[in-house]
Amino acid sequence: MKKNVLMILLAVVLLVVCSEEGLTANYPLEIIQPQEGLNTNSRYYKAYPGIEYKVPIGVFGGAYPFTYELINFPSGMTIDSNIGIITWSNPTESGSPHNVTVQVTDAESSVDSHSWTITVTTSGFIFLDAINGSHGGDGTIGDPFMTMVDIYRGTDYASRLDNTYANNFVYFRGGTYDIEGYFEGTPGSQQYAFDWRGHVKPVVWLEYPGEEAIIDHDRTASGAYLRIQDRWPNDLFMHGIRFQGMRNHAIRTGGSRHVFFE
């Protein structure tokens with residue numbers, strides 16, 4: 001697997017199972033998430049005011065164990081020095097965009113650091129709340145959508161081309177969601193065509209803090225797997241959401257800088 005597609009989840013698991021005595025580095029220490037020079041299409045670069053911002057630092061190479069440190073950061077932001085999870089419980093628009101620098105030191109005293117900015121804004125976010133399962137709302141935090149089809153913008157072939165919510169981040173409130181949109185393929189290999197001919201659908205899916213969001217593929221989609229693949233979208237970020245009832249590939253994607261977290 002290429003470095004730039006290394007899943008943060010796998011990286012964290014590898015760190016946990018490594019010997020406490022440390023391992024000699026086979027590759028130079030390198031921070032691979034977040035990457036510098038990106039924009040607010042990346043989860044690392046954008047937060048909603050007042051809603052917890054939580055992201056993992058991804059490291060490639062170096063010698064375990066690592067020590068993580070924030071060098072430059074907004075008030076209230078913290079990092080777990082052992083596993084590199086950044087938490088900012090109350091992002092504020094005041095002073096946005098906020099400058100952040102993280103530094104990682106490995107067991108051989110090698111050091112790498114990355115800097116980026118976090119824009120705190122209400123723009124470019126969609127909220128879903130499955131409390132009653134009917135369509136409606138405008139997708140804002142105060143009047144959320146109720147179903148996946150509201151962000152997909154239909155269920156026919158043409159709807160897969162709709163780019164109304166391209167590059168938006170989607171917050172899922174607690175509840176169980178059916179997969180709804182355009183499906184293709186045959187039984188047993190049916191796929192939910194979430195991205196087509198470009199980055200036209202949201203690929204940052206976030207569980208609302210403190211609530212359990214479940215996406216059930218086996219209720220209305222006959223177990224269809226999630227395909228976010230065509231033309232290789234970048235910066236896919238899935239945080240906290242539980243997926244169930246998926247067949248075949250489960251999630252199939254290409255591109256770069258993807259994160260599956262918690």
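This is a predicted model: local features need pLDDT of at least 70, side-chain atom pairs count only at pLDDT 80 or more; totals for chains, interfaces and linings use all residues.
Student: How many bridges join strand β8 to strand β9, and which way do the two strands run?

Tutor: Strand β8 covers residues 98-105 and strand β9 covers residues 111-120, and eight bridges join the two, which run antiparallel.

Student: Where do β8 and β9 stand in the order of their sheet?

Tutor: When you read a sheet, walk across the strands in order: here the sheet is open, has four strands with mixed pairing, and runs β2-β9-β8-β5. The edges are β2, at residues 46-47, and β5, at residues 67-72, and each of these pairs on one side only. In the whole chain there are 21 strands and two helices.

Student: What share of the chain is buried?

Tutor: Of the 262 residues in the chain, 48% are buried. The chain exposes about 11800 Å², and carbon and sulfur atoms supply 46% of that area.

Student: Is S42 buried or exposed?

Tutor: To decide, compare the relative accessible area with the cut-off, which is under 20% for a buried residue; S42 has 4%, and so S42 is buried. S42 sits in the loop between β1 and β2, and, leaving aside neighbours within four places, S42 is in contact with F169 and D235. The C-alpha atoms of S42 and H258 are 9.7 Å apart, although 216 residues separate these two along the chain.

Student: How many aromatic pairs are there, and what kind of pair do Y44 and F237 form?

Tutor: The count is 18 aromatic pairs. To classify a pair, look at the angle between the ring planes, with over 60 degrees counting as edge-to-face; Y44 and F237 are at 85°, with 5.9 Å from centre to centre, and form an edge-to-face pair. The two residues lie 193 residues apart, Y44 in the loop between β1 and β2 and F237 in strand β18. Y44 is buried at 1% relative accessibility, and F237 is buried at 2%.

Student: Why is the pair of W205 and F243 called stacked?

Tutor: Their ring planes are at 25° and their centres 6.2 Å apart, so the pair counts as stacked. Because W205 lies in strand β15 and F243 in strand β19, the pair ties together parts 38 residues apart in sequence. W205 is buried, with a relative accessible area of 0%, whereas F243 is partly exposed at 22%.

Student: Where is the pLDDT below 50, and what is the average for the chain?

Tutor: The chain averages a pLDDT of 86, and 85% of the residues score at least 70. Over residues 1-20, however, the pLDDT is below 50, and this stretch has 31 contacts in the model beyond near neighbours in sequence.

Technical notes: Residues are numbered from 1 along each chain as its sequence is written. Side-chain values use heavy atoms; hydrogens and water are left out. Buried means under 20% relative accessible area, exposed over 50%, partly exposed in between (1.4 Å probe, protein chains only). Accessible areas come from the Shrake-Rupley method with a 1.4 Å probe; for residues, only the protein chains shown count as cover. Two strands pair if DSSP finds at least two bridges between them. Contact means heavy atoms within 4.5 Å. pLDDT is the predictor's confidence in each residue, from 0 to 100. Rings of Phe, Tyr and Trp (its six-membered ring) pair if their centres lie within 6.5 Å; planes under 30 degrees apart count as stacked, over 60 as edge-to-face and the rest as tilted.
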